[in-house]
Structure formats: C-alpha cells, structure tokens
Amino acid sequence: MGIVHEPHHDGSPLYVSDATPRLGDRVRVRVRIPSDFGPVDVVRTRSNPNHEPRFTMASPVAIVEGWEWWEAEIEVENLTHGYRFLFTLADGSNCWLNATGLHTIETLDSEDFKILAHPAPPEWAKASVMYQVFPDRFARSADAAGRELPAWAEQAQWSDPVTHVGPHTSTQFYGGDLKGIEQHLDHLERLGVTMLYLTPVFPARSNHRYDALSFDEVDPLLGGDAALIALVHSAHARGLRVIGDLTSNHSGDAHEWFEASHLRPGTPESAFYYWLDAEQREYASWLGVPSLPKFNWNSPELRARFIEGPDSIVAKWLAPPYSLDGWRIDVANMTGRHLTDDLNAEVRGIIRRTMIEINPDTILLGESTNDATSDFQGDAWHGAMTYANFTRPVWGWLSAQERESSYFGLPFGKIPSYTGEQVFAAHRQFAHGFPWRVQLSTMNALDTHDTPRFLTHAIDGAQPVAVGLSMTMPGIPVVFAGDEFGLVGDDGEHSRTPIPWDQVDAAAPTIDPYSDLIHLRTGHPALNGGGMRWLHVGREVLVFIRETAKESVLVIAARGAYDVSLPAHAFAGTPRPLYGHATAERGGAGIRLSGSGPSFSAFALPGVALPDFSATGTVLEVEPERSLRRTKGVARGC
C-alpha cells in the first residue's frame with residue numbers, strides 16, 4: 001500500500017507553527033507533497049470557523065529531498081478549529097487532504113485536522129510511559145500482616161491462583177498495599193517508565209475498589225493517607241509522576257453519600273443519584289449492577305463536593321501533601337449520561353477547570369472503550385483510555401486464532417484475524433478523529449486490568465512487536481504490571497495477577513526487552529511528539545517514520561517475512577540500527593527493507609531539513625530540472 005506517495009500533514013511542529021495558540025492567534029500550517037504525486041498548481045486550506053467555510057491560499061516554501069512544501073496562515077477562530085487542504089492539480093482536477101487521508105470528494109468536518117485553543121495538557125504528557133498497578137496484587141509490605149480484614153475480604157496467599165469466575169472474584173484479597181509499591185520503585189526505574197497509574201485507592205467492599213465507600217480517605221488496608229503521601233514523595237524523588245483513578249459515573253452502594261440518601265427522601269444527598277421511585281428504594285446503576293449506583297450530575301451540591309473548586313475531592317488529592325499528578329476517570333464515556341440527560345461535557349469541563357486551579361501541570365485521562373472521538377476534542381480530557389484505535393487492531397494482527405477469548409466486550413467468541421492493512425485502517429479510523437494533541441496523550445495499552453493479557457493468545461515472538469508498536473506510535477505507552485514478567489490471563493479478573501517478585505531474575509528474558517523498548521521511547525525526541533508518516537502497509541508488515549527537525553526514527557513491525565521497496569524520497573539519510581535485526585538499505589533509485597517475523601526494528605535517521613516558519617518563502621533546495629512543477633512521466637495524483 002503506497003502511502004508514501006500521498007501528500008502528508010499532521011499536528012507536529014514540522015507542520016504547525018504553534019500547538020498551543022489562543023483565540024485570534026494566527027498559526028502557519030504546512031503540507032508536504034511527494035515528487036511522484038505530480039504537478040500541483042494551487043494549494044488552499046479550508047477552515048470552518050463558526051461553521052462557515054473559509055479558504056486561504058498557500059505558497060510553496062521549499063523543495064527538499066523529493067518533497068515540495070507549501071505553507072498557509074490560519075486564524076484560530078474557535079477553541080477547536082478544524083482545517084483541511086484542497087489541491088488543484090495541473091490537469092484541473094481537485095482533491096482533499098484531511099486527517100483520514102486523501103479524497104477525491106468533499107470531506108466531513110469531523111475528519112478535519114484540528115488546532116486547539118483550549119488550555120494545553122502538561123508538556124510532560126507526550127514523553128510519558130505509563131505503568132499501571134492494581135494495588136491489591138502488586139506487592140505486599142510487612143505492615144499488611146498486622147491489619148484486621150473487613151468482613152468482605154477473603155484472605156489469599158500471594159502464590160494462590162486468582163479466582164476469576166464466580167461470587168468470590170471481587171472478594172479474594174491478597175493484601176497488596178502502597179508501601180509495597182514504594183518498596184519496588186527500583187523495578188519501575190529499571191524498566192524506565194515515567195508515570196505510575198494506580199487503580200482506585202479509596203476504601204470499598206471489593207479488591208478492585210471501584211465501589212468506593214468514600215473518596216475522602218485512602219483505604220486503611222493500603223496503609224491510609226500517610227502511605228499515599230510517602231509513595232508519591234518517593235516516586236517524585238525518582239522522577240516518576242503518579243496519577244489516581246476516580247469513578248465519576250458511580251459510587252458504591254455503601255458509600256457515605258448513598259447511605260445518607262437511600263430510603264431517605266429529602267436529604268441533601270438525595271439529589272446525588274437517580275431514584276426510580278418516591279421511596280428512593282430503586283435506583284439507576286452502572287450496567288444494572290446494584291452495588292454501583294449512578295451519580296446524577298444535575299446536583300450542584302454533588303458538583304461542589306466532588307469535582308468543583310478547591311474543596312472538592314478532585315482538588316484535594318492533587319494538592320499537597322498528596323500531590324497526585326492527575327486523574328484517570330473510570331467509565332468517562334458514561335459519566336453524566338442517563339436517558340434525556342447528557343452532562344458529560346459539563347462534568348469533564350468542571351473537573352479540568354478545578355485541576356487547572358489547583359495545579360495546571362496535571363493530566364486528565366478518560367476511559368472510553370470504543371469510538372471516543374466525539375468526547376475527546378481537547379476541551380477537557382487530554383487523552384482517552386480506549387481499545388479501538390490500538391489494542392484491538394494489534395491483537396487481531398498478532399494473536400493466534402484457535403482459542404476462544406474474551407475480546408474487550410465484543411461478542412465474537414474468538415479474536416478476529418486482521419491483516420496489516422486492517423490494522424492501519426482501524427487505527428486511522430479511530431485515532432484520526434482525535435486532534436493531534438489528544439492523540440499524543442491517548443493510551444496505547446496492550447492490555448489492562450479489564451482485559452485478558454496480550455501474551456495469553458499472542459503468536460510466538462509477538463510480544464516485542466506489540467510492545468514496540470506501543471512505544472513508537474503517537475500516544476502514551478501503557479505497561480500493565482506483570483506483562484514484563486510474561487504473565488498471562490484469560491479475562492480481566494484473571495489478569496489481576498500477584499506479581500511474582502521471587503522470579504525477577506528468571507524473568508529477565510522478558511523484563512530486559514521491555515526495558516530496552518521503553519528506553520528507546522524515552523531516549524528519542526522523535527518518538528515523543530514527533531510527526532508520524534506511514535510509509536508502507538502490507539499483510540505482514542507495517543512501516544512508519546516519526547519525524548522532527550533534529551532526528552527521525554524509522555519503525556518496522558513485522559508478523560512474517562517481508563521485502564519492501566520504497567522510493568528514494570521516502571526518507572533522507574542512511575538508516576542506523578537502534579533495535580532489532582531488519583535490513584534497511586539505500587541503493588540505486590530506492591530503499592529496500594527486508595527481514596523475517598515476528599520482529600520489531602527501529603533505525604535512526606536525520607531530522608527533516610526545513611526553513612523556520614519565521615523564514616517563510618525561503619527555499620532550501622531547488623534543482624530546476626527536478627522541480628516538482630516540472631515533473632514528467634505519469635503522475636499519481638489523487
């Protein structure tokens with residue numbers, strides 16, 4: 001699939017002069033057109049401020065290494081400002097370039113490239129690698145032995161198998177705690193991760209703690225408030241960020257707010273939930289699960305206590321002495337939505353405004369397991385925890401098909417089989433509705449505490465390929481604790497495995513490759529905010545490049561054997577191996593990539609040479625006999 005022959009634009013600094021403009025600012029945007037695309041007479045941008053189309057003319061600014069670059073100026077007139085490119089070719093035909101690619105007919109506004117004038121996410125987000133911990137199963141400190149267990153908890157030994165079917169699933173209690181996590185921060189440093197994500201730490205009546213009894217204290221079974229303060233302090237001292245997990249959609253049915261209102265009409269907390277009868281006996285809940293009553297965000301008092309202002313729950317845990325670096329919001333897609341109510345945008349906006357008031361250098365991530373683009377346009381959520389744009393396609397490409405498996409809630413029975421072309425199509429379909437800034441903060445998880453573990457069904461040798469894709473595609477890579485040990489699990493509950501700390505040395509053959517790939521990510525600026533350009537998509541291989549002005553990184557992910565030929569202008573320079581054993585050679589009129597699979601390889605390349613945006617009109621390299629306006633032969637065009 002010859003994607004390299006198409007014009008390209010993304011939201012990275014190579015193409016957009018200012019990623020954090022204010023309303024009324026003028027931003028310059030660039031598009032690059034390859035030599036074999038054919039002569040282009042006119043390039044325009046098409047914006048849609050206030051839903052009224054507006055066109056601006058672009059000018060050619062450089063011809064560099066087989067690409068012609070055009071630049072135009074856009075005034076940012078809306079907080080989410082969409083734009084696309086319109087090309088008029090020498091033969092009089094027209095085509096459009098938007099976030100989903102090249103089109104011969106007019107395209108949807110929802111698929112435009114987008115510049116955001118909303119408050120920006122923290123700068124550190126795009127360079128983060130996340131490590132997800134399920135506290136009950138990560139590590140148990142010596143302090144845990146002296147804690148009295150509540151009636152719901154069924155004590156398990158650290159080596160006991162996980163109960164993942166039946167009524168004891170949520171009550172099996174291993175006793176992992178926050179001090180245990182603190183005692184193993186050296187492991188996170190060895191891996192090279194930069195952000196620790198804790199699933200809920202509030203008291204509850206389950207091992208997962210998504211049925212909170214209160215949001216106002218840390219579960220004493222985890223060590224209480226002091227243990228969280230100590231963990232965050234130690235993590236910060238090592239350069240690690242720490243984010244927490246909130247359930248804005250529901251509480252537990254033993255929560256203090258619910259108990260104050262259940263069967264008690266007229267109490268202040270009565271407005272916090274959706275009651276289905278006058279006695280306040282029956283109520284709406286998450287997916288009909290009675291232990292998880294659903295919040296009613298029409299309540300000003302609920303907003304004040306939970307999400308709005310410096311005295312709210314959201315604010316409390318971000319402020320000293322706790323100093324969390326952000327929140328992941330559970331079932332963010334369902335929050336504020338019930339029958340005729342749709343308060344999702346209001347709720348997420350209030351949460352983010354509160355976070356900015358307390359500490360603007362914090363991140364807000366929202367869970368949305370399917371198509372998340374309508375909610376994730378940069379107004380509040382910085383990124384999505386979703387499976388549609390990364391997890392499911394990668395599983396479909398790299399999983400064995402003979403075993404039945406839970407597949408992220410879809411009723412397939414087995415993991416569907418994807419080709420490389422389908423991985424690309426699914427990723428582009430679900431990711432490119434996000435503004436570029438949101439793409440950079442969206443979580444690339446191979447698995448989580450809610451899914452089977454990837455390795456359970458992976459074809460032999462696929463784990464480094466999948467991890468490599470997570471580390472090199474735009475977004476925040478996610479390691480679910482235990483994946484680096486080679487753990488498996490048949491479903492989400494089964495995957496919540498106690499970490500086998502007595503097997504660290506034996507697990508070095510999987511831990512070390514994880515560390516190598518994580519350090520590949522953190523060690524190269526091109527992988528932390530650089531643009532992304534697909535070069536080749538085939539059944540067995542995916543090839544793309546991440547680019548900045550200072551460096552580029554070529555990525556080859558393969559399921560099977562491949563031998564790919566690219567035109568000479570696909571990228572500049574001679575590839576220098578960074579990881580893996582692929583062959584990348586420049587010779588004659590093109591570039592050859594070859595190797596076997598499953599495998600993952602990365603190569604260092606020079607940065608993209610271009611004039612500064614302030615030097616618009618400067619031409620770096622023009623060879624008249626090769627000018628793109630004079631290209632001869634058969635042009636590919638639209």
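Biologist: In which loop does leucine 287 lie?
Modeller: Leucine 287 lies in the loop between α4 and α5; here helices (H or I, at least four residues) and strands (E, at least two) are DSSP runs, numbered from the N terminus. The model is predicted: local features need pLDDT of at least 70, side-chain atom pairs count only at pLDDT 80 or more, and totals for chains, interfaces and linings use all residues. Residues are numbered from 1 along each chain as its sequence is written, and side-chain values use heavy atoms, with hydrogens and water left out.

Biologist: What is the phi of glutamine 280?
Modeller: Its phi is near 60°, a positive value in a residue other than glycine. Leucine 287, not a glycine either, has a positive phi of about 50°. Most residues other than glycine have a negative phi, and most peptide bonds are trans.

Biologist: Which peptide bond is cis, with omega near 10°?
Modeller: That is the bond from proline 320 to proline 321, and proline 321 is found in the loop between α6 and β15. The bond from glycine 597 to proline 598 is also cis, with omega near 0°.

Biologist: Why does the span of helix α9 agree with what it should be?
Modeller: The expected span of a helix is 1.5 Å times one less than its number of residues. For the twelve residues of α9 (residues 420-431) this gives 16 Å, and the end C-alpha atoms are 16 Å apart, so the two agree.

Biologist: Which residues of α9 are buried?
Modeller: They are Gly420, Val423, Phe424, Ala426, His427 and Ala431. Seen down the axis of α9, these residues fall within an arc of 165°, so they line one face of the helix; the arc is that of the directions from the helix axis to the C-beta atoms. They pack against α8 (391-398), α10 (436-439), β22 (531-537) and β23 (541-547), where contact means heavy atoms within 4.5 Å.

Biologist: What is the order of the open sheet of five strands?
Modeller: The order is β22-β23-β24-β29-β26, with antiparallel pairing. Two strands pair if DSSP finds at least two bridges between them.

Biologist: What makes a strand of this sheet an edge strand?
Modeller: An edge strand pairs on one side only, as β22 and β26 (576-579) each do. Between β24 (residues 551-558) and β29 (residues 599-606), which run antiparallel, there are eight bridges. Valine 555 stands opposite alanine 602 in β29.

Biologist: Which strands does helix α11 lie across?
Modeller: Helix α11 (residues 463-472) lies across β23, β24, β26 and β29, at about 35° to β29. Axes are lines fitted to C-alpha atoms, for helices over the stretch in contact, and angles run from 0 to 180 degrees between N-to-C directions.

Biologist: Why does the radius of gyration of the protein chain agree with that of a compact globule?
Modeller: The radius is taken over C-alpha atoms, and the globule rule is 2.2 Å times the number of residues to the power 0.38. With 638 residues the rule gives a value near 26 Å, and the chain has 26 Å, so the values agree. Buried residues make up 61% of the chain.

Methods
Buried < 20%, exposed > 50% of the residue type's maximum accessible area, 1.4 Å probe, protein only.
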